[in-house]
Amino acid sequence: MTTLTPARKTAALLALALGGFAIGTTEFVAMGLLPNLASSLLHHQYVVDPEAGIAHAGWLVSAYALGVVVGAPTIAAAAARFPRKQLLLGLLVGFTLATLASAVLPSFGLVLAARFVAGLPHGAYFGIASLVAAEIMGPGSRGKGVSMVLGGLTIANVVGVPLVTFIGQHAGWRAAYLIVAALFALTFVAVATLVPFHPAEPGASFRRELRAFRVPQVWIMMACGAIGFGGFFAVYSYISPLVQHVTHLPVSFVPFVLVTVGVGMTVGNIAGGHFADVDLRRATYVGFAALIAALLLVTLTAATVVGLFVGMFALGATSSMISPSVQSRLMDVAGESKGIAAALNHSAFNIGNSLGALLGGSAIAAGWGYAAPGWIGIVLALLGLGIITISFSMERRTNRRTALARDQHPRTGPITSPVPTV
């Protein structure tokens, strides 16, 4: 990549972040429109049993998340030899068309399929854009580069999601998805114009990228992200009924709560990028502990207006603070397969999205109430904390064995891989 002026670097990073903004909007806007989606696409079920109808509409959240899970590693590995800028542009075309289809298709089943397709480019875009941003930022600032791209997603929760949710509540959910499709088209123009040519990584290949799956630590970190982040989505997926039926506020307050979550996510993302560069291990532990505390706060105090807003701010901040650390660690443990590792973080994140939405919806459908997903979230976040503890413990044992072997056989040279492979 050619040397860039500071102004050109800023413009390129903003273009990449705009993609994150559009993705964040398309991913999260359904959470605030679930009652509208259920009433429109599942009208008969919603009229008979609103709770079951909303839980059924939650499948749209899970379908998008499943698309991310499938698409992230598949596209990242298959397209490893493609120049990164051209690949980003192709992914943005896919986003635009699939989101447009989500807006115009007539039935729940077809919209469900469109949401799955819309999720396919998600992880690959964030993974590739994160690598490009990290190179633009330069050595020693990888966490900050990742957080710059993710910053678009968090800002989407401050501006994009609440605004598009408000429009969807008044002009219909189809209008909301039409706006999101326009955002993706705008991002295509911005990336094409402002991001410099970025070649594929030398030596990259489908086979080399797939080597990441031979590393046990990659699977452990994916489990950590999937289960741990599921705690956030168990609550966030059902934010609209939480506001209406637990806090007993009118639906017009939902966008304000979404803004609160988004502000928290923005603050947490900035802090998370900094702490990941300073001490990745500590940042991960502190992030998960704080997420558990935030989930407990929401669950216990959401019946009050102050508790709802304070708790949702904390929930957004703590969940977003973890993401740069988890993505950076995945890139570390994957060795040379950094492209697929950067994408796999988003597969894990959206397994958590799907898992959280599914378990939270099941708790609601079982009649446990709209606050019940909070307890589900606490259990999932505790499991995530336990898994990351296992990951770091394995690394310490491996490093001790490596040091012992080096001491016993000093002439053989160091053992280069601290991560055990199968």
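Q: Which residues touch the most other members of the largest nonpolar core?
A: This is a predicted model, where local features need pLDDT of at least 70, side-chain atom pairs count only at pLDDT 80 or more, and totals for chains, interfaces and linings use all residues. Residues are numbered from 1 along each chain as its sequence is written, and side-chain values use heavy atoms, without hydrogens and water. A nonpolar core joins buried Ala, Val, Leu, Ile, Met, Phe, Trp, Tyr and Cys residues through side-chain atoms within 4.5 Å. Of its 118 residues, those touching the most other members are Leu16, Tyr125, Tyr236, Ile239 and Met312.

Q: Which residues does isoleucine 239 touch, not counting residues up to four places away in sequence?
A: Contact means heavy atoms within 4.5 Å. By that rule, the partners of isoleucine 239 beyond four places in sequence are Met31, Val257, Leu258, Val261 and Met312.

Q: Is serine 391 buried or exposed?
A: Serine 391 lies in helix 18 (residues 372-408). Beyond four places in sequence, serine 391 touches Gln217, Ile220, Met221 and Arg329. Its relative accessible area is 0%. Buried means under 20%, exposed over 50%, partly exposed in between (1.4 Å probe, protein chains only), so serine 391 is buried.

Q: What handedness does the crossing of helix 12 and helix 15 have?
A: Helix 12 (residues 216-236) packs on helix 15 (residues 280-301) at about 25°, with axes 10 Å apart. That makes the two helices roughly parallel (angles under 35 degrees). A left-handed crossing has the near helix turned anticlockwise from the far one by less than a right angle; clockwise is right-handed. Here the crossing is left-handed.

Terms used: Helix = DSSP H or I, 4+ residues; strand = E, 2+ residues; numbered from the N terminus. Axes fitted to C-alpha atoms, helices over the stretch in contact; angles between N-to-C directions. Parallel < 35°, antiparallel > 145°, perpendicular 65-115°, else oblique.
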